[in-house]
Amino acid sequence: MEAGGSDSSGRQFSSAREMWREEIGAGEGEDNAAADNGKRREWYRKGIAYWQGVDASMDGVLGGYGCVNEADVKGSEAFLKTLFLERFGNAKRHLVALDCGSGIGRITKNLLLRYFNEVDLVEPVSHFLEAARENLAPGMDVQEETHRAANFYCVPLQEFTPEDGRYDVIWIQWCIGQLPDDDFISFFKRAKVGLKPNGFFVVKENTARGGFVLDKDDQSITRSDSYFKELFNQCGLHIYSTKDQKGLPKELFPVKMYALVTDKAKGGSIGRIRRKNYCPAIIQ
């Protein structure tokens, strides 16, 4: 389902509210306890069931597009390196990251462990997390003594609360589309307390050209750039920087990276979204 054709119109948000009422029995701002009439549980149950049927491999978790891994990691690394210097400077610090919706540990292994002393993983699909444990098992590399996967949490994001002040970076990629708007906002409000001073979120997600696209197969929503920005504002977060991912197949959704901070941004960059054709969403 595609809805909300114009980002400049408030119609996309009213369309989204109507969609969420239909899908989970809730609209933006409604009380979760009153809205949870079984539809919300069913939304999440179907989403988990979909991914439980997917192979715990690179190709499986990337929706048949394992070929995008290299370009994805390179784009993420370039974005992260700039943020490191601006947010942390050259001071020595013990760096800790949280990999949300970690899947088989693809991002932790190929990116985060090269920059952080510890990485925690949170993933609701149990066989993905078990594959991550195996993929990230300590070897003979001396660096692994100071750069390691520390904790593995088999918990969905809508139920997860991070430890206070533990993380320099909370990385959220190709998974936040599983959360309805109210759970999206609640998650970020809880997760903010998990950041250290000068810590930040990185959200890397598919973007729709306008409004949203609902995927009934995996129970996810692809939001437009303006939709994301409205939700970030409701979370009390500020956009520090953005960047468009380059080098992905043309048939995929455009992918955008957002660096989000809890303090007032001093002026991040807002990149332009390249218009491309739609295809089913990817989860890491």
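Colleague: Which residues are linked with E118 in a network of salt bridges?

Modeller: E118, D120, R148 and R166 are linked in that network. A salt bridge here is a side-chain nitrogen of Lys or Arg within 4 Å of a carboxyl oxygen of Asp or Glu. Please note that this is a predicted model, in which local features need pLDDT of at least 70 and side-chain atom pairs count only at pLDDT 80 or more, while totals for chains, interfaces and linings use all residues. Residues are numbered from 1 along each chain as its sequence is written, and side-chain values use heavy atoms, with hydrogens and water left out.

Colleague: How many salt bridges does a search of the whole structure find?

Modeller: The search finds 18 salt bridges. One of them joins R40 to D182, with the closest N and O atoms 2.8 Å apart. That pair links distant parts of the chain, since R40 belongs to helix α3 (residues 39-52) and D182 to helix α8 (residues 181-191), 142 residues apart. Helices (H or I, at least four residues) and strands (E, at least two) are DSSP runs, numbered from the N terminus.

Colleague: Is R40 buried or exposed?

Modeller: R40 counts as buried, at 7% relative accessibility. D182 is buried too, with a relative accessible area of 14%. Buried means under 20% relative accessible area, exposed means over 50%, and partly exposed lies in between (1.4 Å probe, protein chains only).

Colleague: And what does K74 form with E70?

Modeller: K74 forms a salt bridge with E70, the closest N and O atoms being 3.1 Å apart. The two are separated by about one helical turn because they lie 4 residues apart in helix α5 (residues 69-88). K74 is exposed, at 53% relative accessible area, and E70 counts as exposed at 51%.

Colleague: Where is K204, the partner of D72?

Modeller: K204 and D72 meet through their side chains in a salt bridge of 2.6 Å, N to O. K204 is in strand β6 (residues 195-206) and D72 in helix α5, 132 residues apart. Both residues are buried.

Colleague: Changing topic, how many residues has the largest nonpolar core?

Modeller: That core has 39 residues, and those with the most contacts inside it include F184, F187 and F201. A nonpolar core is a set of buried Ala, Val, Leu, Ile, Met, Phe, Trp, Tyr and Cys residues joined through side-chain atoms within 4.5 Å.

Colleague: Which residues does F187 touch?

Modeller: Not counting residues up to four places away in sequence, F187 touches C100, L157, F160, I172, I176 and L179. Contact means heavy atoms within 4.5 Å. A second, separate core of 29 residues includes L113, A149, W171 and A259.
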